[in-house]
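I opened my notebook for a friendly look through this fold. Here is the model I had on screen.

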Amino acid sequence: MARRALITGITGQDGSYLAECLLSQGYEVFGLARGQANPRVSRLRKLLQDVQLVRGDLLDQGSLISAVEKVQPDEVYNLGAISFVPMSWEQAELTGEVTGMGVLRMLEAIRVCSGISSSRTAAGSGQIRFYQASSSEMFGQVRETPQTEITPFHPRSPYGVAKAYGHFLTQNYRESYGMYAVSGILFNHESPRRGAEFVTRKVSLGVARIKLGLASELRLGNMEARRDWGFAGDYVRAMHLMLQTDTPEDYVIGTGRTQTVRDLTEAAFAAAGLDWERYVVTDQTLHRPAEVDLLCADPKKARVQLGWEPSVTFEELVAMMVESDVKLLSDGGDPDQDSSWP
């Protein structure tokens, strides 16, 4: 009998790559969706016709219990969140409800449907296994570099704070109830499916527009912020591997290398055969209220215990995104509509 996986955030970048990964391994894949009329749902159906959708909302406890009861999953991947960091200042309360409290609601749904009481039980093979998408943004104003699974958190945005709440809650349910619950502390991971509002996609789209004569400049904020950037398709493999171990543990996932936004910009323009300094304009209004300047993963634990390694380099990733966006715009596609996905 095929294993079953339930994915929240199925319509996002990571959800789509994870669904592809699990389908290729023979899973039955179910995606949580707030409504069939969502345009992102139609986009997903074009890409993944074998994903089965179930109604549910991270803001609604009852709907999550119903979804878990209906699907009877072996694994639950909680990828749903308000994930654009700058927006978390504009919608701080909603970010807390979805990105933070949504984790509590999903953990409670699994606990209730599994019949786990207040007494601690061993994390046995028959349990629903839970993956929480934690984030490097939890480290924020970092205490040490590179960051490991035990580096203290100092989040610098409502998004980072909400993710830290969900992370600690996942640990708490594991320790209090014996649930098989793990967190993957994922550093920045990108792809041609990344939303147009994120800086990597903003750069690749900007380069594509300039290459095609559709724009004459690209406006960016803090060019010196450093990030550990990898390919989303590699990172979802790590998510799956975390739920295959005998003992539930948390893992940092990243490349262990950092680049600045300036490096990203230079690489993207170079991939299109252009000189970035002719087109880029720095804009102070695009800086975050509280910036995170340096994030760099130490993925040694994942490498040793999971056998996980990234397969796509930073340069390959940037070139992939620029090439995809040049093709998208050349074909008349709209980055904000379903044609933005390859």
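Which way does helix 7 pass helix 11 in their crossing, left-handed or right-handed? I found that helix 7 passes helix 11 in a right-handed crossing. By the rule I used, a crossing is left-handed if the near helix is turned anticlockwise from the far one by less than a right angle, and right-handed if clockwise.

Before going on, I noted that this is a predicted model, where local features need pLDDT of at least 70, side-chain atom pairs count only at pLDDT 80 or more, and totals for chains, interfaces and linings use all residues. Residues are numbered from 1 along each chain as its sequence is written, and side-chain values use heavy atoms, with hydrogens and water left out.

**Entry: helix pairs.** Helices (H or I, at least four residues) and strands (E, at least two) are DSSP runs, numbered from the N terminus. I took axes as lines fitted to C-alpha atoms, for helices over the stretch in contact, with angles from 0 to 180 degrees between N-to-C directions. The axes of helix 7 (residues 199-211) and helix 11 (residues 314-330) come within 8 Å and cross at roughly 55 degrees. Helix 7 and helix 11 are therefore oblique to each other; angles under 35 degrees count as roughly parallel, over 145 as roughly antiparallel, 65 to 115 as roughly perpendicular and the rest as oblique. Among the residues in contact are Ser204 and Leu205 of helix 7 and Val322 and Asp325 of helix 11, where contact means heavy atoms within 4.5 Å.

I then looked up helix 3 (residues 61-71) and helix 5 (residues 92-114), which pack at about 45 degrees with axes 9 Å apart. That makes helix 3 oblique to helix 5, and their crossing is right-handed.

Entry: I traced an open sheet of seven strands in the order 3-2-1-4-5-6-11, with parallel pairing; two strands pair if DSSP finds at least two bridges between them. Its edge strands are strand 3 (52-55) and strand 11 (251-253). Four bridges join strand 1 (residues 4-8) to strand 4 (residues 75-78), and Leu6 stands opposite Val76 in strand 4. Helix 1 (residues 13-24) lies across strand 1, strand 2 (28-33) and strand 4, running at about 175 degrees to strand 1.

**Entry: charges over rings.** I checked two cases, counting a charge as over a ring if NZ of Lys or CZ of Arg is within 6 Å of the ring centre and within 35 degrees of the ring normal. Arg194 lies over the face of Phe198, at 3.9 Å from the ring centre. The charged end of Lys301 sits over the ring of Tyr251, 4.7 Å from its centre.
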